Amino acid sequence: DGQAGHGFPVWDAAFSPLGYYFATASYDTTARVWATDKLSPLRILVGHLADVHCVRFHPNSNYVLTGSSDCSLRMWDVSSGSCVRLLCGHTAAVTSLAFSPDGRLAASGSADKTVRVWELGSGKELYSFSGHAGSVWSVAFSHDEAGSGLLASGGADSAVRLWDVNTSALSGEGMDSRPAGCVSEFFTRNTPVLYTTFTRRNLLLAAGPYTGR
């Protein structure tokens with residue numbers, strides 16, 4: 001029934017770092033916050049104008065970040081269900097999200113082929129990285145000290161790219177004709193990259209379907 005769940009397909013789900021709570025993102029334009037021992041949602045997050053593609057919990061578990069086909073990101077206060085940040089800049093659907101380990105930054109990937117980094121305290125876009133030749137399906141921060149980490153992105157162009165989120169590395173073009181801010185590129189033969197993650201020891205893992213020879 002409508003009170004118990006989404007009325008349309010669910011595109012993403014994510015657990016709180018504390019466990020117990022999880023959030024879902026749906027084609028019905030909402031995100032919902034749930035508890036593992038309840039059948040009905042604790043919060044219904046309404047505000048996006050199109051389907052919600054992706055959802056992530058903030059490291060402190062007090063906030064949820066969503067990305068939508070309306071080209072925006074919204075950050076929500078879990079306790080009240082209210083939207084506390086509206087982040088605009090992408091020109092196509094937002095398809096992936098990540099928080100930095102310290103919770104100060106968020107990253108987003110989009111069908112506009114860019115990766116963007118946002119400062120959550122101010123709501124400002126810090127960087128826009130261009131280099132992918134297709135939609136960016138995954139973004140992930142490394143587990144480094146604040147200000148010295150890397151951001152990984154994977155996309156429909158069958159590539160994984162590493163971006164330096166240290167501002168001192170972002171002036172001018174990248175080395176070896178790589179895009180500005182890009183420190184490494186890794187190409188698969190024919191595998192769109194749907195998922196990237198760093199282990200606690202900062203080993204980068206990437207996954208996707210092999211689509212042909």
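Let's start with Ser96: this residue is buried, at a relative accessible area of 4%, where buried means under 20%, exposed over 50% and partly exposed in between, with a 1.4 Å probe and protein chains only. What we have here is a predicted model, where local features need pLDDT of at least 70, side-chain atom pairs count only at pLDDT 80 or more, and totals for chains, interfaces and linings use all residues. Residues are numbered from 1 along each chain as its sequence is written, and side-chain values use heavy atoms, with hydrogens and water left out.

Ser96 sits in strand β9, residues 94–99; strands here are DSSP runs of E, at least two residues, numbered from the N terminus. Which residues does Ser96 touch, not counting those up to four places away in sequence? They are Cys54, Ala107, Ser108, Gly109, Val136, Trp137, Ser138 and Val139, with contact meaning heavy atoms within 4.5 Å. For Val136, the backbone oxygen is 3.3 Å from a polar atom of the Ser96 side chain.

Now, friends, the aromatics. There are 7 aromatic pairs in the structure, counting rings of Phe, Tyr and Trp (its six-membered ring) with centres within 6.5 Å; planes under 30 degrees apart are stacked, over 60 edge-to-face, the rest tilted. Phe22 and Trp34 are stacked, because their ring centres are 6.2 Å apart and their planes are at 10°. Phe22 belongs to strand β2 (residues 21–26) and Trp34 to strand β3 (residues 30–35), so this pair ties together parts 12 residues apart in sequence. Phe22 is partly exposed at 21% relative accessible area, while Trp34 is buried at 8%. And finally, Phe8, Trp11 and Tyr27 make up one aromatic cluster.

Key: Helix = DSSP H or I, 4+ residues; strand = E, 2+ residues; numbered from the N terminus. Polar contact = N/O pair within 3.5 Å; in protein donor to acceptor, adjacent residues only side chain to side chain.
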